[in-house]
Amino acid sequence: MVDQERTSSTFHLPQTHASISPVPPYSREQPIFTTRAHVFQIDPSTKKNWVPASKQAVTVSYFYDSTRNSYRIISVDGAKVIINSTITPNMTFTKTSQKFGQWADSRANTVFGLGFPSEHHLTKFAEKFQEVREAAKLARDRSQEKTETSSNHSQESGHETPSSTRASSVNGTDDEKASHGGPADAHLKSENDKLKIALAHSSSSVKKWETELQTLRESNARLTSALQESAASVEHWKKQFSVCKEENDQLRSKIEELEEQCNEINKEKERNAQLNRRLQELESELQDKELELEDLRKQGEIIPQLMSECESVSQKLQAAEKKNRDLEEKVRTLRTDVEESKQRQSNLKTELKNFLDVLDGKIDELHDFRQGLSKLGVDN
């Protein structure tokens with residue numbers, strides 16, 4: 001028995017709707033219910049796994065044979081008969097999941113499985129199966145009653161025939177018996193007529209059963225050829241499956257290689273990004289260093305000018321010192337002259353004071369300038 005969850009999860013069926021098949025497979029049979037489903041058969045080797053009997057959803061129909069008073073489930077995929085199951089009262093249709101059901105056919109020595117597009121379709125099919133099974137059971141009971149009645153009539157006729165024979169041998173021919181036998185002979189004649197009618201019916205029944213036997217043989221021949229085709233198709237699909245599996249394994253290995261290459265490429269991209277960032281940092285540092293170098297070059301160009309200015313300032317300082325000495329000499333001279341001329345002293349005193357103030361400022365400036373030159377010389 002196939003696991004319910006495995007069956008329901010393995011097959012995903014398209015939406016279909018029940019319909020009536022316009023053309024029955026046999027002229028004397030009429031469809032009474034039709035739906036569409038995926039057909040499966042149990043694996044004869046394992047008796048556990050399902051083998052698909054159709055590549056897609058096909059028509060599955062209940063047929064009623066009014067001549068034989070029998071019911072069959074028939075499904076045809078193109079020109080291939082995939083289900084030809086006569087329903088008997090002992091059959092049971094089992095729901096194994098919400099969309100899958102199965103029944104065993106002892107005559108075909110297999111188990112059929114149907115995958116439906118919805119639970120509603122499965123319920124309808126199961127209800128019809130139960131209804132047809134009850135009808136088949138009722139037909140079997142009626143057939144048994146007819147058989148028992150016919151058997152009873154045959155037994156009664158068998159018991160009464162020797163009596164008629166003995167009566168015929170004693171009393172003469174049937175005509176003589178009819179003329180001389182009375183009510184008992186009339187009863188025997190009526191029984192003989194019933195036996196003749198039963199014999200005629202049995203002869204017609206034999207012909208009918210022979211015709212049905214020939215039909216069953218033809219059907220079995222078609223089923224055998226269909227089974228052979230199915231086995232060849234299964235082998236073909238097994239080969240295709242093995243080829244696809246190998247291709248799948250190759251593709252998986254290629255995908256793994258490509259994933260490894262992609263990982264390496266991503267790592268290289270990260271390293272390149274780090275190198276680009278480092279390169280940008282180095283370029284910015286190089287620009288800063290170039291600016292500092294340019295500043296130093298400009299300062300180097302200014303140093304000769306500063307040196308020439310320092311030399312000129314030194315010469316001016318020397319001239320100022322010389323001039324200062326001259327002025328000091330003049331001061332001494334003036335001091336001596338002051339004693340000689342007081343009048344001139346008062347006038348000169350004011351001028352001298354002004355001159356001394358100016359001179360002190362100049363001396364201070366020269367002193368500051370000299371200290372600056374000395375510091376500049378020390379720095380250089």
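**Salt bridges and fold**

Author: Arg271 forms a salt bridge with Glu268, and their closest N and O atoms are 2.0 Å apart. A salt bridge here is a side-chain nitrogen of Lys or Arg within 4 Å of a carboxyl oxygen of Asp or Glu. This is a predicted model, in which local features need pLDDT of at least 70 and side-chain atom pairs count only at pLDDT 80 or more, while totals for chains, interfaces and linings use all residues. Residues are numbered from 1 along each chain as its sequence is written, and side-chain values use heavy atoms, with hydrogens and water left out.

Reader: In which helix do Arg271 and Glu268 both lie?

Author: Helices (H or I, at least four residues) and strands (E, at least two) are DSSP runs, numbered from the N terminus. Arg271 and Glu268 are 3 residues apart, about one turn of the helix, and both lie in helix α4.

Reader: Is Arg271 buried, partly exposed or exposed?

Author: Buried means under 20% relative accessible area, exposed over 50%, and partly exposed in between (1.4 Å probe, protein chains only). Glu268 has 39% relative accessibility and is partly exposed. Arg271 has 40% relative accessibility, so Arg271 counts as partly exposed.

Reader: How many residues apart in sequence are the parts that Glu321 and Arg370 tie together?

Author: Glu321 forms a salt bridge with Arg370, with the closest N and O atoms 2.9 Å apart. Glu321 lies in helix α4 and Arg370 in helix α5 (residues 342-379), so the pair ties together parts whose separation in sequence is 49 residues.

Reader: What is the N to O distance between Glu329 and Arg332?

Author: Glu329 and Arg332 are 3 residues apart in helix α4, so about one helical turn separates them. Their side chains meet in a salt bridge, with an N to O distance of 2.1 Å.

Reader: How many salt bridges does the structure hold, and how many disulfides does a search find?

Author: The structure holds 5 salt bridges. A disulfide is a pair of cysteine sulfur atoms within 2.5 Å. A search of the whole structure finds a disulfide count of 0.

Reader: What share of the protein do buried residues make up?

Author: The protein has 5 helices and 8 strands. Of its 380 residues, the buried share is 24%.
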